[in-house]
Amino acid sequence: SHRRKKAICLLARMHEKIANQRKDYTHQISHQLVKRFDLIAFEDLNVQGMVKNHHLAKSIVDAGWRQLVQYTTHTAESA
C-alpha cells in the first residue's frame, strides 16, 4: 500500500541520517587524534564478547569501532 511504501522511505531516510552522523563524527574524531598524537595504537577488542553484556550491548554495537580504526589509519597515512 501507499502508506507502507511511505513508511519504508521514512525509515530508510532515518537510517541514512544516523549513518551519516556516525561517519561525520568518526571523521572528526580521527582527524583530532591524528592532529593531536604522534603515535596512535588501537587495542584489539573482543566486540562479540563485549556485546554479551546486555546493559551495554546497544552502545557497543552503535559505536562503530572498525570504522573509527579504518578512518584513523587512513587519515594518519595521508598525514
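**Figure 1. Lining of the largest pocket.** Helix H3 (57-63) and helix H4 each contribute at least two residues to the lining of the largest pocket; helices (H or I, at least four residues) are DSSP runs numbered from the N terminus. The model is predicted: local features need pLDDT of at least 70, side-chain atom pairs count only at pLDDT 80 or more, and totals for chains, interfaces and linings use all residues. Residues are numbered from 1 along each chain as its sequence is written, and side-chain values use heavy atoms, with hydrogens and water left out. The largest contribution to this lining, four residues, is that of H4. The lining is made up of Phe42, Glu43, Asp44, Leu45, Val47, Ile60, Val61, Gly64, Trp65, Arg66, Leu68 and Val69. A pocket is defined on a 1 Å grid over the protein atoms alone, as an open set of points where a 1.4 Å probe fits, with protein on both sides within 12 Å along at least five of seven lines; lining residues have an atom within 4 Å of a point. The volume of the largest pocket is about 340 Å³, a volume being the space filled by probe spheres set on the grid points, which are joined across faces, edges and corners. Eight of the lining residues are nonpolar, one is polar and three are charged. In this classification Ala, Val, Leu, Ile, Met, Phe, Trp, Tyr, Cys and Pro count as nonpolar, Asp, Glu, Lys and Arg as charged, and the others, Gly among them, as polar.

**Figure 2. Lining of the second largest pocket.** The second largest pocket holds about 160 Å³ of space. Two or more residues of its lining come from each of H1, H3 and H4. H1 gives the largest share, with five residues. Gln21, Arg22, Tyr25, Thr26, Ile29, Asp62, Ala63, Gly64, Trp65 and Leu68 form the lining of this second pocket. Sorted by class, the lining has five nonpolar, three polar and two charged residues.

Figure 3. Helix H1 comprises residues 2-36, and its end C-alpha atoms lie 51 Å apart. This separation agrees with the 51 Å that its 35 residues should span at 1.5 Å a residue, because the expected span is 1.5 Å times one less than the number of residues. Thr26, Ser30 and Val34 are the buried residues of H1, where buried means under 20% relative accessible area, exposed over 50%, and partly exposed in between (1.4 Å probe, protein chains only). The cover over these buried residues includes H4. Ala19 also lies in H1, but Ala19 is partly exposed at 28% relative accessibility. The C-alpha atoms of Ala19 and Ile8, eleven residues apart along the chain, are separated by 16 Å.

Figure 4. Helix H4 covers residues 65-78 and contains Tyr71. Thr72 and Thr75 also belong to H4. In this view contact means heavy atoms within 4.5 Å. With residues up to four places away in sequence not counted, Tyr71 touches Lys23, Thr26, His27 and Ser30.

Figure 5. Ala41 is located in the loop between H1 and H2. Its relative accessible area is 70%, so Ala41 is exposed. A distance of 51 Å separates the C-alpha atoms of Ala41 and Ser1, which are 40 residues apart along the chain. Leu56 occupies the loop between helix H2 (47-50) and H3. With a relative accessible area of 44%, Leu56 is partly exposed. From C-alpha to C-alpha, Leu56 and Glu16 lie 23 Å apart in space, and they are 40 residues apart in sequence.
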